[in-house]
Amino acid sequence: MLKFDKIESRNTVVLHVYQQLKRSILRGELPTGYRVVEVNIAEAFGVSRTPVREAISRLIAQGFIKEQGSAKIVADISVSMSEIMGIRSVLEAYAARLAATNASDEDLQTIAEYCNSSVMVDKSSSIENRATLNDEFHAAVARASHNGRLIKMIADFYEYAITEEMLAYYSKADTTNHAEQHRAILTALENRDPDAADAAMRAHINSVGKVIETAIMQMKSK
């Protein structure tokens, strides 16, 4: 029987349903191939089918759920995440390349502030804080590209590439390595070196992808 936290505020129904379904998929509580039935999900949440339908549509767009004929089933998130990280690698490397040329001094200062914060963070910091710092660093680099369409595309993909659930599986070494990789990206940007910025970001995203792959396997095994 499906069990989800009941929703107290009607203003955040879609987001709440979306987040809990996504979390359940990532944790393997809704395994690959599980048939997602709107009426059952709505009953488990104690809401109407409309917000459930919207949440499921969002998860379909993001690759967590796929349509198979008339049915909707949980996708293999290992494949979905691999695809997502491949796209992120291309988009964010290009953004870093542009940022090396287009970033203002203010942009670089903002990136440096988030980078320095991520360098100082450790495993004892809250997962929420670590996730926020990571998000803000990448968002700041994207904004520094000054390419509106690219910024939006990166934001659309980044929303579901990293989750707080996954960060819980990051080791102290992973956290330290990724902070150092942020520093390498910043250094390339400050040196106004597009090739180095591109390479540093690409290496970082590939490293993150490997950690995510490991995290997914660990979540599935629980």
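Trainee: Which residues in H1 meet residues in H3?

Mentor: In this predicted model, Val 13, Val 14, Leu 15, Val 17, Tyr 18, Leu 21 and Lys 22 of H1 are in contact with Pro 51, Val 52, Glu 54, Ala 55, Ile 56, Arg 58 and Leu 59 of H3.

Trainee: What makes E1 and E2 a pair of strands?

Mentor: Pairing requires at least two bridges. Strand E1 (residues 65-68) and strand E2 (residues 71-74) have four bridges, in the antiparallel sense, so they count as paired. Gln 68 is opposite Ala 71 in E2. Two residues lie between the strands of this hairpin, and Gly 69 has a positive phi near 70°.

Trainee: Why is Arg 192 called partly exposed rather than buried or exposed?

Mentor: Buried means under 20% relative accessible area, and exposed means over 50%. Arg 192 has 33% relative accessibility, so it counts as partly exposed. Its place is the loop between helix H9 (172-190) and helix H10 (194-221).

Trainee: What makes the phi of Arg 192 worth a remark?

Mentor: Most residues other than glycine have a negative phi. Arg 192 is not a glycine, yet its phi is positive, about 55°. His 146, also a residue other than glycine, has a positive phi near 60°. His 146 is in the loop between helix H6 (127-143) and helix H7 (148-161).

Trainee: Which residues have the most contacts inside the largest nonpolar core?

Mentor: They are Leu 21, Ile 111 and Leu 189, in a core of 57 residues. Helix H4 (residues 77-102) gives the most to this core, with 10 residues. Leaving aside residues up to four places away in sequence, Ile 111 touches Phe 137, Ala 140, Val 141, Ala 144, Leu 186 and Leu 189.

Trainee: How much of the protein is buried?

Mentor: Of its 222 residues, 45% are buried.

Trainee: What share of the contacts between residues at least 6 apart in sequence join residues at least 24 apart?

Mentor: The share is 77%.

Trainee: How many helices and strands does the protein have?

Mentor: There are 10 helices and two strands, and their pattern along the sequence is α-α-α-β-β-α-α-α-α-α-α-α.

Definitions and conventions:
Residues are numbered from 1 along each chain as its sequence is written. This is a predicted model: local features need pLDDT of at least 70, side-chain atom pairs count only at pLDDT 80 or more; totals for chains, interfaces and linings use all residues. Side-chain values use heavy atoms; hydrogens and water are left out. A nonpolar core is a set of buried Ala, Val, Leu, Ile, Met, Phe, Trp, Tyr and Cys residues joined through side-chain atoms within 4.5 Å. Buried means under 20% relative accessible area, exposed over 50%, partly exposed in between (1.4 Å probe, protein chains only). Contact means heavy atoms within 4.5 Å.
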